[in-house]
Amino acid sequence: MHRETTTPFIEIANDVDAGEFIYERGWTDGLPVVPPTEARVAACIESLGMDPDAVLGAVAPGGGLATVEKVAANAVMAGCRPEYMPVIVAALQAMMDDRFNLFGVAASTLGAAPLLIINGPIRKALDVNCRTNLFGPGWRANATIGRAIRLILMNIGHCIPGELDRGCFGHPGRFSFCIGEDEEGSPWAPFHVDRGYSATDSTVTVFAGEPPHTVDNCSAKTAEQLLLTIADSMRHLGSSNTIGQGAMVVIINPEMRETLIKAGCTKAGVKQFLYQHARRSVADLKRVGRLSEAVLHYDIHVDTGTEYVPLKTIMTDYETVRPEDERLMLPVVRAVDDILLLAAGESGRPISVVLPSWAGCDQTLAITRSIGECVECRV
Amino acid sequence: MRMVNPVATIEPESVKPASRLTSLEGIRLGLLHNNKMNGDTLLRLIAEELQRAHGVGSVQLVTKYPPQKPARKEMLDAVAAQSDAVLNAIGD
């Protein structure tokens, strides 16, 4: 498919169907888009107050230059309102942080997607959905901000499915993957406060995630039973967390939070409980061939029962299951604070979701940025 | 209708190619393994064939980590300094 990159503007005759023209140019995610007319793009640029030629950076995996104008054009196509632009710019800058490893996230066969988590007052200003149908349709801000990120990856990062995007399955979050936290509905400290920001700051966090896995146990009678059910969902053998100890997002709905809070659970206590119970033994990993020479290079730690030691210091054989392998436990995250615990979703049943990481803790990190802070860019 | 082109240009990195070898006889061959499953097997098989058919000398395997990130410059510089030619392959 021809994807012209050098012509800054493209003019089409009035009798040409703009939607079909754009689709044929390979500019879309497969769904119809809003044509990026000069006036619409200018309105988005104006909302940022930046030079349209300012360069935010090179977007992996292809390395296209993200000028403010190109970012705005993709935001328009996604259906964004101009006031969404600061969120998109902050998210893009977070994704371009080397620690996020956008190259791997975008191109990998595992097919993850950058999840955007919005915190702070901007959620209300933009009407970001934090509750019902959290990952579903219905809210313009969630749907179009997330979609803008995907179009930017495709059109600026040249992350084209089947070309540089090598995802075996991909997932629906690759169309749009953007949520807010229900800060008002929870007595727990907001997520961005956990990460060192003020409650009055507005932030966006990017996390390279698998799709949400629903965790349901309506018949649980205690907080402990509910948390054990979540921990079980966090430790499945097919997850990269099991051998990489990357971060993991856990989202708890209001009804389950109420049960936990009535039982005296603090946010820190919930995270600690999950850290202690979301683990697999070395024996379990050996039985399914999950350990290999390559895994021994990973910076992951094992709980021996008395201390945490690097896996590579105790592994002499990654195939034979020894009796002592049953008590050597690998937590699914590197540390307690790598459980990214959020309050969101709607009531109706005590339910939660977990989102495993795309890869291990030394391959990708969740990155948080202030929205609207001074943007360091080159012109 | 006049539209802004949403597709970005790529600034290609300028790279000076290494000088070409006229023979593989007796050379030091570096193997750069991306640390994915079977990448090392593929590289070693090719190295064995190059030794058998073209007289390649020593072979050194270098494994990068983590596999999901590009090799660090120090690693590339080291393998380049210790090799006359480097073979790169990806397994997965």
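**Reading a cavity and a helix contact**

Tutor: In this predicted model, α7(A) gives the most to the lining of the largest cavity, contributing four residues.

Student: What does rolling a probe over the atoms show?

Tutor: A probe the size of a water molecule, rolled over the atoms, shows where empty space is left. Here, a search of the whole structure finds one cavity of 30 Å³ or more, and the largest cavity has a volume of about 60 Å³.

Student: Which elements of chain A each supply at least two residues of the lining?

Tutor: They are β4 (113–119) and α7 (140–155) of chain A. The lining residues include A:Ala113, A:Pro114 and A:Leu116, along with A:Gly146, A:Ile149, A:Arg150 and A:Leu153, and A:Phe175 and A:Phe177 are also among them.

Student: How do the residues of that lining divide into nonpolar, polar and charged?

Tutor: The lining of the largest cavity has seven nonpolar residues, three polar ones and two charged ones.

Student: Turning to the helices, at roughly what angle do the axes of α2 and α4 of chain A cross?

Tutor: The axes of helix α2 (residues 38–48) and helix α4 (residues 85–95) of chain A cross at roughly 75 degrees, and they come within 9 Å. Angles of 65 to 115 degrees count as roughly perpendicular, and α2(A) and α4(A) are therefore roughly perpendicular to each other.

Student: Which residues meet where α2(A) contacts α4(A)?

Tutor: From α2(A), the residues A:Cys44, A:Ser47 and A:Leu48 meet A:Met85, A:Pro86 and A:Val89 of α4(A). The residues of this contact between α2(A) and α4(A) comprise five nonpolar, one polar and no charged.

How values were computed: Residues are numbered from 1 along each chain as its sequence is written. Chains are lettered from A and ligands numbered from 1 in the order in which they are written. This is a predicted model: local features need pLDDT of at least 70, side-chain atom pairs count only at pLDDT 80 or more; totals for chains, interfaces and linings use all residues. Side-chain values use heavy atoms; hydrogens and water are left out. Axes are lines fitted to C-alpha atoms, for helices over the stretch in contact, and angles run from 0 to 180 degrees between N-to-C directions. Angles under 35 degrees count as roughly parallel, over 145 as roughly antiparallel, 65 to 115 as roughly perpendicular and the rest as oblique. Contact means heavy atoms within 4.5 Å. Ala, Val, Leu, Ile, Met, Phe, Trp, Tyr, Cys and Pro count as nonpolar, Asp, Glu, Lys and Arg as charged, and the others, Gly among them, as polar. On a 1 Å grid over the protein atoms alone, a cavity is a set of points where a 1.4 Å probe fits but cannot get out, and a pocket is an open set with protein on both sides within 12 Å along at least five of seven lines; lining residues have an atom within 4 Å of a point. Grid points are joined across faces, edges and corners, and a volume is the space filled by probe spheres set on the points.
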